[in-house]
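Please read the numbered points with the structure in view.

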Amino acid sequence: MFKKIIITSAALMLLTACLNDESKDNNDANNQVSTKTEVNTTNESAVNANVDITNPTVSMKEAVDTFLEAYPDANIESIDLDSGFGGLHYKIDGFDSANEYEAVIDAETKEMKVNEVEANRDREEALDFSNIIEPNEAIEKASAKDEVNGFTPTGWSLEVENGKSQYSIEYKKNADEIEIKVDATTGEILKVEMND
């Protein structure tokens, strides 16, 4: 039985590698939706350092509109802008009374590369966009902190935590990471977390 599992896993890995050439964009986006996997490679660090998350071609509002065109009855529970996997992508999670939705939207082209739907099991708090500051304003507030001097912002997320909408801005410098939480309505710095 153990050998059969290893052979099956190897076969699946080989199949994935073959399909990767044909559908690299979809495979990258699927990896991004399925898990938040950290890839610690020099190449990705170089890509992250060269991507400007403060002024993406597609704004957060445009990404939200694209998501809501696909799922007009959905509430949005979280948005992430990530510079991993060689480009800038929004990951949007939402829900309605019947389903949960996950979508990856290209921040350059507005193309929805991956969308997954499954039965809604959990009830999350929805974001209220009527009083949320823009991501670049949250990044500006976070970047004013002395702790991130010399660091580069590489991504952000927006979600409701403990009844409060907040941005989490990620900064990197070599192997060091800092995450700053910013109140999404007032711009107040809530927390600075350092990961060495």
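1. S78 is buried, with a relative accessible area of 7%; buried means under 20% relative accessible area, exposed over 50% and partly exposed in between (1.4 Å probe, protein chains only). The residue belongs to strand β1, which covers residues 75-82. Helices (H or I, at least four residues) and strands (E, at least two) are DSSP runs, numbered from the N terminus. Apart from neighbours within four places in sequence, S78 has contacts with K91, I92, D93, L127, L158 and E159, a contact being heavy atoms within 4.5 Å.

2. The model is predicted: local features need pLDDT of at least 70, side-chain atom pairs count only at pLDDT 80 or more, and totals for chains, interfaces and linings use all residues. Residues are numbered from 1 along each chain as its sequence is written, and side-chain values use heavy atoms, with hydrogens and water left out.

3. As to confidence, the mean pLDDT of the protein is 77, and 71% of its residues reach 70 or more; pLDDT is the predictor's confidence in each residue, from 0 to 100. Over residues 1-49 the pLDDT is below 50, although this stretch has 36 contacts in the model beyond near neighbours in sequence. Where pLDDT is low, the predicted coordinates should not be read in detail.

4. The protein contains five helices and eight strands, and their pattern along the sequence is α-α-α-α-β-β-β-β-α-β-β-β-β. Of its 196 residues, 38% count as buried. Among contacts between residues at least 6 apart in sequence, 50% join residues at least 24 apart.

5. In what order do the strands of the open sheet stand? The order of the eight strands is β4-β3-β2-β1-β5-β6-β7-β8, with antiparallel pairing; two strands pair if DSSP finds at least two bridges between them. Strands β4 (112-119) and β8 (189-195) are at the edges with a single partner strand each, so one side of each has no neighbour in the sheet. On average, neighbouring strands of this sheet are turned by 15° against each other, direction ignored.

6. Strand β7 (residues 176-183) runs antiparallel to β8 and is joined to it by six bridges. Within this pair of strands, I178 stands opposite M194 in β8.

7. Two helices pack on the sheet. Helix α4 (residues 60-70) touches β1, β2 (89-95), β3 (99-106), β4, β5 (152-161) and β6 (164-173), and its direction makes about 45° with that of β2. Helix α5 (residues 135-143) touches β5, β6, β7 and β8, at about 60° to the direction of β6. Axes are lines fitted to C-alpha atoms, for helices over the stretch in contact, and angles run from 0 to 180 degrees between N-to-C directions.

8. The buried residues of α5 are P135, A138, I139 and A142. They cover an arc of only 100° around the axis, which puts them on the same side of α5; the arc is that of the directions from the helix axis to the C-beta atoms. Their cover includes α4, β5, β6, β7 and β8.

9. A search of the whole structure finds four aromatic pairs. Y71 and Y101 form a stacked one, at 4.1 Å centre to centre and 25° between the planes. Y71 lies in the loop between α4 and β1 and Y101 in strand β3, so the pair ties together parts that are 30 residues apart in sequence. Rings of Phe, Tyr and Trp (its six-membered ring) pair if their centres lie within 6.5 Å; planes under 30 degrees apart count as stacked, over 60 as edge-to-face and the rest as tilted. Both Y71 and Y101 are buried, and F67, Y71 and Y101 form one aromatic cluster.
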